[in-house]
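The sequence and structure come first.

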Amino acid sequence: ICAALLGCLAASSAFGEDDLMKRAQEQFKPIPSVVPAVKNNAVTHEKVELGKLLFFDPRLSASEIISCNSCHNLGTGGVDAGPTSVGHAWQKGPRRAPTVYNAVFNVAQFWDGRAADLKAQAKGPVQASVEMNATPDHVVKTLSSMPEYVELFKKAFPNEPSPVTFDNFAKAIEAFEATLITPASRFDQYLEGNPNALNAQEKAGLALFMDKGCSSCHNGINVGGGMYAPFGVITKPGANLLPPDDKGRFMVTGTPGDEYVFKVPTLRNIALTAPYFHTGQAWDLHLAVAVMGASQLGIHLSADEAAKI
C-alpha cells in the first residue's frame, strides 16, 4: 500500500512538473543558438567584425571620448552603471539605457519604439546632442580618413563603389548587435525540456509569474520587448518612477491613448541590468517586482512571492 501511495504521489508530482513546463513553453520561447537574420541586411562575418570596431570606437563622437559601449557596456549586461547615461559635455540623458543584449528580438528599439530596427537605432545616439553629439558627415569624414576602416568597409560592402556611408555604418553596427544574443541559459534549457535546469524556488516563481499575470506582457523569446503597455494600468507609480513630463510613446505617435505607454522591457539577464524602469530609479529587483504588481496588476505581492518571482 505504501509503495502504491508513493507511486501515486510521484506521478502527481510529475504531472504538476509537466504541466508547469508545458505552460511555460506556450508563453515563452528559448533564445536560438544561431544568429538571427535581420531585415534587408545580411549578417556577414565582415560586417560583424566592422560593426564591432565601430561599436567600441569613441572617435565617432564629437568629443572623441564616447562610444556605443559607453552606455551599452557589454561587460556589465549591455547597460551602464547609472540611472541615466552621461553623454556629451557630461549631460545626462532623460531615460535609462536599455540593454543591447538580445535587442534584436524586440519589436522596435528605444523605450518609446521610435526606431523600427537596430539599424535605425544605431543612427540615433550618434546624432543626439546629449549623447555622442555628432553628425552623419562627421562620422563619414572620420571613417574615410582612416585607410584601415576604408578597407574594412570595402570588404563588408564589396558591391558598392563608395561603401563608407552613414547608412552602411549603421548596417555594420546592426549586424554586430544581432550577434549579441545569450542562448542556453538555465531558463532556456528548462524551456527545451530539462526539468532540472531550474530549482524549486525558481519553478515556484515561474508559476507565480504566469498565475499573477506578469507573462501577459513579459512573454516570448525576450520575456518582454514584444509589445507596448501603459506604465500604471491600475495605479500610477510615484513621480520618481513615472515623471509626468515624459509621456512615452505619445511623444512619437501623438495619439492620446499612448500617453505614458512604453515598450515592455526584456527580462532577459535582468539581474545584471539594475537600476530598473525607464527612469532607472528602482535599484532593487524585489522593489521593481512589487511596483509592477501594484501598478500593472493591482495586486499586493508578499515578500515571499516577490522573492520567488
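## Setting of Phe-250

Phe-250 counts as partly exposed because its relative accessibility is 24%; buried means under 20% relative accessible area, exposed over 50%, and partly exposed in between (1.4 Å probe, protein chains only). Phe-250 lies in helix H10 (residues 250-253), where helices are DSSP runs of H or I with at least four residues, numbered from the N terminus.

Leaving aside residues up to four places away in sequence, Phe-250 touches Thr-255, Pro-256, Asp-258 and Glu-259, contact meaning heavy atoms within 4.5 Å. A distance of 16 Å separates the C-alpha atoms of Phe-250 and Ala-116, which are 134 residues apart along the chain.

## Basis of the model

The model is predicted: local features need pLDDT of at least 70 and side-chain atom pairs count only at pLDDT 80 or more, while totals for chains, interfaces and linings use all residues. Residues are numbered from 1 along each chain as its sequence is written, and side-chain values use heavy atoms, with hydrogens and water left out.

## H2 against H7

The axes of helix H2 (residues 45-56) and helix H7 (residues 166-178) cross at roughly 100° and come within 7 Å. Axes are lines fitted to C-alpha atoms, for helices over the stretch in contact, with angles from 0 to 180 degrees between N-to-C directions. H2 and H7 are therefore roughly perpendicular (65 to 115 degrees).

Residues of H2 in this contact include Leu-50, Leu-54 and Phe-55, and those of H7 include Phe-169, Ile-173 and Phe-176.

Conventions: Helix = DSSP H or I, 4+ residues; strand = E, 2+ residues; numbered from the N terminus. Parallel < 35°, antiparallel > 145°, perpendicular 65-115°, else oblique.
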